[in-house]
Amino acid sequence: MSDVLEQLARVLEARKEADPETSYVASLHQKGLNRILEKVGEECTETLLAAKDAEQSGETRDVVYETADLWFHSMVMLSRLGLGPGDVLDELASRFDLSGLEEKASRGK
């Protein structure tokens, strides 16, 4: 599974410096972090709405589609910050021996 994320991360890195006229990813980077974050927010909202619809209708296609968009734009954000899916996967792996409540308490929030 993480092979797909690593492959996508490589593509995103390569497209950072591409021509913004021909690459959506390059155009996002050209517009800066705030535009990338706006896209993450938009995709998050669309994912939430799709999930609410899926709960009512039982049809999950849109929630999967919107989640893919959210993950994609989140990975563009990570790339902008010099991070990748491995950083997030490592963090998730470190939480396996913690209960969710313990992990939340350890953040002090």
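1. Contact here means heavy atoms within 4.5 Å, and helices are DSSP runs of H or I, at least four residues, numbered from the N terminus. Please keep in mind that this is a predicted model, where local features need pLDDT of at least 70, side-chain atom pairs count only at pLDDT 80 or more, and totals for chains, interfaces and linings use all residues. Residues are numbered from 1 along each chain as its sequence is written, and side-chain values use heavy atoms, with hydrogens and water left out.

2. Within α2, the buried residues are Val25, Ala26, Ser27, Leu28 and His29. Buried means under 20% relative accessible area, exposed over 50%, and partly exposed in between (1.4 Å probe, protein chains only). After α2 comes Gly32, with a positive phi near 100°.

3. Now for the largest nonpolar core: its eight residues are Leu5, Ala9, Leu12, Val25, Leu28, Ile36, Met75 and Val76. Such a core is a set of buried Ala, Val, Leu, Ile, Met, Phe, Trp, Tyr and Cys residues joined through side-chain atoms within 4.5 Å. Two or more of the core residues come from each of α1 (2-16), α2 (24-31) and α4 (61-80), and α1 gives the most, with three.

4. Ile36 deserves a look on screen. Leaving aside residues up to four places away in sequence, Ile36 touches Leu28, His29, His73, Val76, Met77 and Arg80.

5. Val88 is partly exposed, at a relative accessible area of 38%.
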